[in-house]
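Thank you all for coming.

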Amino acid sequence: MAHRCANLRQLIDDRAPAHPDSETLHSITRSLMDDRSVLLVAPRPFDRDLPWQLAAKTGCRPVLVVSQSDTRLAERAEALAESCGLIACHMRSGLPEQSLTTMADGLGAGRWDCAFVSVRHLADPGVMAAARAFTPRLVVIEDADRLPMPGPACDPAYQRAALLARDAGCVLTSSEVASEQTLAEIERQMAPHRPRVYHVGDDLRGLRLVAHLTASSAQKDTRLLGLLDDAPRRVVVFAADAEEAERLRSIIEGERGLPSLDLSAVRRGEIEGALRRFREGGARVLIATAPLNRRFDLPEIPLVISYSLPSCLETLHRQASLAGGTDATAVLMADPAEQPRLEEEASRAAPEVGHILGIHQAVAQDGDLNFTLLRDITGLSSEALQIGIEFLIAAGALEVQARADEEIVARCGPRPNGAALERYAREADRLRRTRVSMVEPLLDFARTRRCRRAFLAEALGYPLTPGGCRCDRCRPAPEPLAPVRTAGYRIFAGPLVGWALSLWRGHDDGPPPTGAALMALRLGESGSNGAAERLAWLLVRRMRNSSAYRHMDLIVPLPPLDGAAEDDGALQLATALSRLTGLAVAPMLHRKNAQPRREGRASREANDAAGVAVVNVADAEQIRGQRIVLLANIFRLDAEAEKMAAALLRAGAAKVRLLAVLWITPRPSSGPGSS
């Protein structure tokens with residue numbers, strides 16, 4: 001035994017040399033080798049697969065791996081030989097009985113080390129008999145938290161896997177992330193084995209978590225396009241349904257010209273090819289309506305955007321944890337108006353008794369059905385349809401002849417009796433209430449003022465690694481502009497209307513800020529690199545409080561007076577404002593052949609006239625029809641902003657609103673609005 005443990009340690013060091021939880025993985029593998037059961041909560045397939053693969057390689061075999069889906073099981077069986085030297089096969093529904101018997105005999109005789117099977121295929125009596133025939137030493141139940149588990153009357157898929165586990169020496173039940181309620185359900189099902197619970201590492205450490213509370217679909221679209229303007233090479237956007245996914249694809253491609261891929265419109269057999277296109281850069285934005293299977297070979301994704309509220313915090317965690325890289329970000333756009341939609345969807349999580357009878361009738365009319373047709377006939381979601389089918393199988397109303405993730409071949413038995421339907425109705429009602437209760441924590445996550453990473457860890461019941469948080473609640477708060485005071489100041493420049501952020505000091509507070517002091521404050525010359533962002537925080541407050549800035553599309557900064565781009569304070573301020581509002585920055589205005597600035601107050605009008613006379617709009621196509629925020633870093637109440645706005649309107653802009661920074665020196669008796 002000591003020799004085997006020494007080999008095990010060497011194997012872990014070889015396969016996960018830099019893994020922060022290698023000691024935990026070693027303990028899990030030791031438990032499996034000692035015929036103990038384990039409940040493993042880990043976000044990555046590598047962490048969940050490594051313990052049982054090493055246990056099998058060290059002698060704890062044969063192994064039966066029960067997966068949630070049949071996707072890529074054949075490929076995984078082939079890859080196991082390369083990575084671990086273990087010979088594996090893939091059992092599936094629809095094979096001749098002789099083939100399944102031969103496969104089970106080969107497993108029992110030790111000719112194969114491992115067998116993969118989908119939990120849905122276990123509904124086929126032939127597959128279930130073959131799986132039990134070779135009496136595995138270790139049973140692995142993957143992604144148990146993703147199996148619908150409202151109770152034994154609604155979904156016996158998990159019970160079929162648990163039945164296999166009762167015959168095994170040890171069991172490894174894995175979960176990507178699970179709330180306390182889900183873990184309790186898994187432990188209840190595995191009660192005879194009394195599993196040891198282990199958590200392995202990823203608590204979103206190093207990931208920047210951001211939540212934006214939005215008030216309308218238009219505001220969400222503006223934020224989305226703003227994020228995509230500065231987005232990295234690959235982005236994943238999660239939508240609520242296929243209709244919303246198609247609309248987002250149209251907006252992204254139509255308004256930004258970014259090649260996008262709507263995964264909800266891709267046929268099941270073509271998903272791998274579509275993801276290959278995304279990996280190779282043929283599509284920059286991937287739009288999905290469900291969490292992506294981590295077992296797909298996904299590239300590093302720097303930005304993940306949850307455009308609509310998902311169904312629960314566990315789904316949000318799965319979506320966010322797809323983001324990876326040195327500066328990865330996960331953004332949630334939370335509209336409180338979506339709460340009724342989520343609660344209505346949750347109330348349909350389990351089918352009604354009438355739907356159950358409708359499924360039975362549909363199968364009776366045509367015993368060979370795919371789930372797309374069943375969804376069209378019943379109007380049920382995929383999850384609700386699976387629950388209804390599992391209930392009919394458990395009640396003896398369906399006799400499965402072949403089963404896959406998206407199709408079923410079955411013969412109808414007698415309709416379920418009244419007592420069985422009544423039990424089902426109680427369990428289904430419990431599931432609906434549970435799902436509805438999961439909606440409010442999503443909005444709490446969006447509204448919270450504490451660390452978002454800690455909020456998720458506490459809600460989902462996994463340990464939090466200290467430090468390393470980059471969420472929008474934990475980053476340092478902007479320092480105040482003290483001793484400079486601030487106020488809003490409505491300004492008019494000819495027909496142009498807008499607001500300025502007024503900065504001033506009273507005479508009792510020392511000398512007023514000069515232009516040079518304001519430039520130093522904004523550009524961070526005194527060592528404060530966040531000065532532009534502090535000003536942007538104050539500007540965005542003004543934008544939110546004024547109806548003049550609702551539904552804007554672009555921020556266009558005024559060009560620098562002397563043409564020196566490296567000292568472009570307006571562009572620096574616009575970039576900081578874009579990060580807070582989600583609006584794109586378009587530096588469209590340029591001064592051609594700008595004249596050198598002349599010193600002295602007498603030359604001020606001449607300088608302004610020279611600078612404005614040669615203004616040019618760089619790309620009229622990009623601003624045509626757009627609603628523009630014209631941003632001035634220092635506004636002096638002259639004709640410059642009016643001339644700049646006129647140039648934008650001539651180029652086709654739909655609307656221009658001015659937003660500026662203004663410094664004033666009030667008299668001792670004057671209010672902050674005096675100039």
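This is a predicted model: local features need pLDDT of at least 70, side-chain atom pairs count only at pLDDT 80 or more; totals for chains, interfaces and linings use all residues.

Let me begin with Ser 175, which is found in strand S6, residues 170–175; strands here are DSSP runs of E with at least two residues, helices are DSSP runs of H or I with at least four residues, and both are numbered from the N terminus. Residues are numbered from 1 along each chain as its sequence is written, and side-chain values use heavy atoms, with hydrogens and water left out.

Is Ser 175 buried or exposed? Ser 175 is buried, with a relative accessible area of 0%, where buried means under 20% relative accessible area, exposed means over 50%, and partly exposed lies in between, using a 1.4 Å probe and protein chains only. Leaving aside residues up to four places away in sequence, Ser 175 touches Leu 40, Val 41, Ala 42, Arg 48 and Asp 145, a contact being heavy atoms within 4.5 Å. The C-alpha atoms of Ser 175 and Ala 42 are separated by 6.3 Å, although these two residues are 133 residues apart along the chain.

Now to the chain as a whole. The chain has 25 helices and 24 strands, and buried residues make up 53% of its 675 residues. If we take the contacts between residues at least 6 apart in sequence, 76% of them join residues at least 24 apart.

Asp 35, which sits in the loop between helix H2 (22–33) and strand S1 (38–41), has a positive phi of about 65° although it is not a glycine, and Asp 35 is partly exposed, with a relative accessible area of 39%. Further along, in the loop between helix H3 (45–57) and strand S2 (63–67), we find Pro 62, which is joined to Arg 61 by a cis peptide bond with omega at about 10°.

Helix H4 has twelve residues and reaches 16 Å from its first C-alpha to its last, close to the 16 Å expected at 1.5 Å a residue, where the expected span is 1.5 Å times one less than the number of residues. Which residues of H4 are buried? They are Leu 73, Arg 76, Ala 77, Leu 80 and Cys 84. These residues cover an arc of only 105° around the axis, which puts them on the same side of H4; the arc is that of the directions from the helix axis to the C-beta atoms. On the other side of H4, Glu 78 and Glu 82 are exposed, and just after the helix Gly 85 takes a positive phi of about 70°.

Finally, a helix pair. The axes of helix H14 (residues 353–365) and helix H16 (residues 382–394) come within 10 Å and cross at roughly 75°; axes are lines fitted to C-alpha atoms, for helices over the stretch in contact, and angles run from 0 to 180 degrees between N-to-C directions. H14 and H16 are therefore roughly perpendicular to each other, since angles of 65 to 115 degrees count as roughly perpendicular, under 35 as roughly parallel, over 145 as roughly antiparallel, and the rest as oblique. The contact is made by Ile 356, Ile 359 and His 360 of H14, and by Leu 385, Gly 388, Ile 389, Phe 391 and Leu 392 of H16.
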